[in-house]
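Please look over the structure shown here with its ligand site, its sheet and its helix packing in mind. The briefing below takes these topics in turn.

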Amino acid sequence: NLTQRLAKVVKNLRGQARLTEDNIAEMLREVRMALLEADVALPVVKDFIARVKDRAVGQEVVGSLSPGQALVGVVHKELTELMGGQASGLNLASQPPAIILMSGLQGAGKTTTTAKLGKWLKERQKKKVLAVSCDVYRPAAIEQLKTVAAQAGIDFFPSTGEQKPADIAAAALDHAKRHYYDVLFVDTAGRLAIDEAMMAEIKALHAQLNPIESLFVVDAMLGQDAVNTAKAFNDALPLTGVILTKLDGDARGGAALSVRHVTGKPLKFAGIGEKLTGLEEFHPERMASRILGMGDILGLVEEAHRNVDQEKAKDLVQKMKSGKGFDLNDFKEQIAQMRKMGGMSSLLDKLPAQFGALAQQAGGAVEDKSIRRIEGIINSMTPLERTKPELLKASRKRRIAAGAGVQVQEVNRLLNQFEQTQKVMKQFSKGGMAKMMRGMKG
Ligand code: GDP
Ligand code: MG
């Protein structure tokens, strides 16, 4: 983790007023390692380091910042800029229907993302959306689009494996025009690896349709390999944007930087789950934090806001930050919110790596399916017991277990988990999340 790595180096640099080639050399090595660990492709890392060096050398170290903090600031800013600064939405400014062509390798997430984006446009922008599949090689792929389109509440234009992609596209476009659709998504076939036939086909479709958006969909888990794929598609097609999928997984996010670097095209959206709600606008600044191993605090907060009552979310984040007064009521609240936010695993992804590991130890035992039982047990406690868990001696535990219809051991297990979580909360305050975030601002 970059923050930890730099902390070591930074110690040696106190009291220096300026970033020089000498004093940043060691730090840049750490940055380089962090980027490689985050799966950024090597040539991209080299370019990036050169850029940062250019920017950093000679810079004054202002105020209370250490040179290390100043450098992390430069790195973070530069990463953010490289990934496109501000998020840019979809461009639909064409004669209707606005055509959106989806391209990418098989399994990248084209079909899923088509439905996600269709849902997004329908629900947020009240667009009338039609989707068609030109994936004639895998009949199951056409069926899949039909299914997810129905789930997304958008219309589906049928096609079959016997048709030619060009004919399907022409028929769908004609239908979309005659029925006044605002948007037409054209989902295409992908192969497992780049091949000439696939490239020729998608090129022909592009020439035929002249889409206003030509989106390249890429799996963030591809890491380094994302570079070659992105390059091939970018050479073949005038792409207008990139969608990075499966960011809910272990991907460290390096693919974002690599793909942006080789295509120069904006990263528009991020896929963050298999469900059709698992889509968000791409946030370069957060991705920069993720790549640097800072975790995605802002994302956590935003997700919390989306899924739960805003006030409660604010309280929770506040408590996480302060680590104070965390009692069983909060524990219950936290567990309920985790359930709404898609379970422990999705929450843990959002925390900075070191806290994530801690929380994993403590809360990992909280299987999503046992959440309701935990809630049941806490419900059986009196309000006083919830705020003062230390009151819970044997007789009270027996009463609670009976009330919740569980064994006393289960009550004990819950109290253990609570204590572990409380410890994590204290770590949050001691570890100085605020301090860390300040370091990032550089
Ligand atoms: P296509 O071959 O490019 O059309 O890819 P699909 O849309 O069929 O997606 C391939 C697999 O990836 C499916 O199992 C999807 O559910 C899954 N998938 C797509 N996007 C995401 C995402 O953002 N997160 C996760 N976890 N899975 C995704
Ligand atoms: Mg597909």
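Of the 18 residues around ligand 1, those that come nearest are Gly109, Lys110, Thr111, Thr112 and Gly271, where a residue counts as near if its C-beta atom, placed from the backbone, lies within 6 Å of the molecule. This is a predicted model, in which local features need pLDDT of at least 70 and side-chain atom pairs count only at pLDDT 80 or more, whereas totals for chains, interfaces and linings use all residues. Residues are numbered from 1 along each chain as its sequence is written, and chains are lettered from A and ligands numbered from 1 in the order in which they are written.

**Ligand shell**
- H5 supplies the largest share of the shell around ligand 1, with 3 residues; helices (H or I, at least four residues) and strands (E, at least two) are DSSP runs numbered from the N terminus.
- By class, the shell around ligand 1 holds 2 nonpolar, 12 polar and 4 charged residues, with Ala, Val, Leu, Ile, Met, Phe, Trp, Tyr, Cys and Pro counted as nonpolar, Asp, Glu, Lys and Arg as charged, and the others, Gly among them, as polar.

**Sheet**
- An open sheet of mixed pairing is formed by 8 strands in the order E3-E2-E4-E1-E5-E6-E7-E8, two strands being paired if DSSP finds at least two bridges between them.
- Strand E3 (155-157) and strand E8 (279-281) stand at the edges with a single partner strand each, so one side of each is left without a neighbour in the sheet.
- Strand E6 (residues 241-245) pairs with strand E7 (residues 267-271) in the parallel sense over 3 bridges, and Val242 has Leu267 in E7 as its bridge partner.

**Helix packing**
- Helix H5 (residues 110-125) packs with helix H6 (residues 139-152) at an angle of about 25°, their axes being 9 Å apart; axes are lines fitted to C-alpha atoms, for helices over the stretch in contact, and angles run from 0 to 180 degrees between N-to-C directions.
- That makes H5 roughly parallel to H6, a term for angles under 35 degrees.
- The contact of H5 with H6 has 6 nonpolar, 6 polar and 1 charged residues.
- The axes of helix H2 (residues 21-37) and helix H3 (residues 42-56) come within 10 Å and cross at roughly 145°, and the contact of H2 with H3 has 10 nonpolar, no polar and 2 charged residues.

Terms used: Parallel < 35°, antiparallel > 145°, perpendicular 65-115°, else oblique.
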